[in-house]
Amino acid sequence: MTITAEKYQEELLDCENFSISSESFIKTVQAKKGEKLLFIGEPYSPAVFPLIRAKAQVTALTQAEEIDELESGFDGIVTQFGLHQSADPLHLLTAAFALLKTNGRLVADLAEAKVLEDRGGYSYQASLADYWTLIQQAGFEAVLVQQISVNNAEEAIKQGWQDLAGANSYPITVNRFIAVK
């Protein structure tokens, strides 16, 4: 599904979500005008609108099995917890890698398993080392990781991590991976 600003605003029922910034994620992605980005996850995530505002062409993938139907030529693959929804994250990342142009990038926020334990609905939960291995097995190189911690629900929401805002305990840490094809 290709998302436009008009479609985003038309479908978004609660416009107050725009106050959720996902600012550090957006700065990491560095979307540029005309770039073709694949967002893996909820298409109306607070992280999507700033990508559209930057005039990037955003395609949202909500069902992992649909990735095999997409055509290649993406400049970037971006996700905030979308890989956690996949029953087969290696296939999802390997297919995403194949869709990228040479030197295309992956920016992915992945939470530690212990952070996700009390948050139901996540098929894939692992550790920092496991995520690192998964990304390399998919073919990515120059893998960088940044660990981001938040101390309360408000900070989690400002990062765009609404799913983690109800964590049983803080601080919580999320691993942001940046990898290149």
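Select α4 (89–99) and helix α6 (residues 128–137). Their axes (lines fitted to C-alpha atoms, for helices over the stretch in contact, with angles from 0 to 180 degrees between N-to-C directions) lie 8 Å apart and meet at an angle of about 45°. That makes α4 oblique to α6; angles under 35 degrees count as roughly parallel, over 145 as roughly antiparallel, 65 to 115 as roughly perpendicular, and the rest as oblique. The crossing of α4 past α6 is right-handed, meaning that the near helix is turned clockwise from the far one by less than a right angle.

Now show side chains at the contact (heavy atoms within 4.5 Å). P89, L90 and L93 take part from α4, and L134, I135 and Q137 from α6. Five of the contact residues are nonpolar, one is polar and none is charged. Here Ala, Val, Leu, Ile, Met, Phe, Trp, Tyr, Cys and Pro count as nonpolar, Asp, Glu, Lys and Arg as charged, and the others, Gly among them, as polar.

The model is predicted: local features need pLDDT of at least 70 and side-chain atom pairs pLDDT 80 or more, while totals for chains, interfaces and linings use all residues. Residues are numbered from 1 along each chain as its sequence is written, and side-chain values use heavy atoms, without hydrogens and water.

Next select G41, E42, F81, G82 and Q85, which lie nearest the centre of the largest pocket, lined by 26 residues. A pocket is an open set of points on a 1 Å grid over the protein atoms alone where a 1.4 Å probe fits, with protein on both sides within 12 Å along at least five of seven lines; lining residues have an atom within 4 Å of a point. The elements giving two or more residues to this lining are β2 (36–40) and α4. Ten lining residues are nonpolar, twelve polar and four charged.

Move to P171, in the loop between α7 (153–158) and β7 (172–180). Helices (H or I, at least four residues) and strands (E, at least two) are DSSP runs, numbered from the N terminus. The peptide bond joining Y170 and P171 is cis, with omega about 0°.
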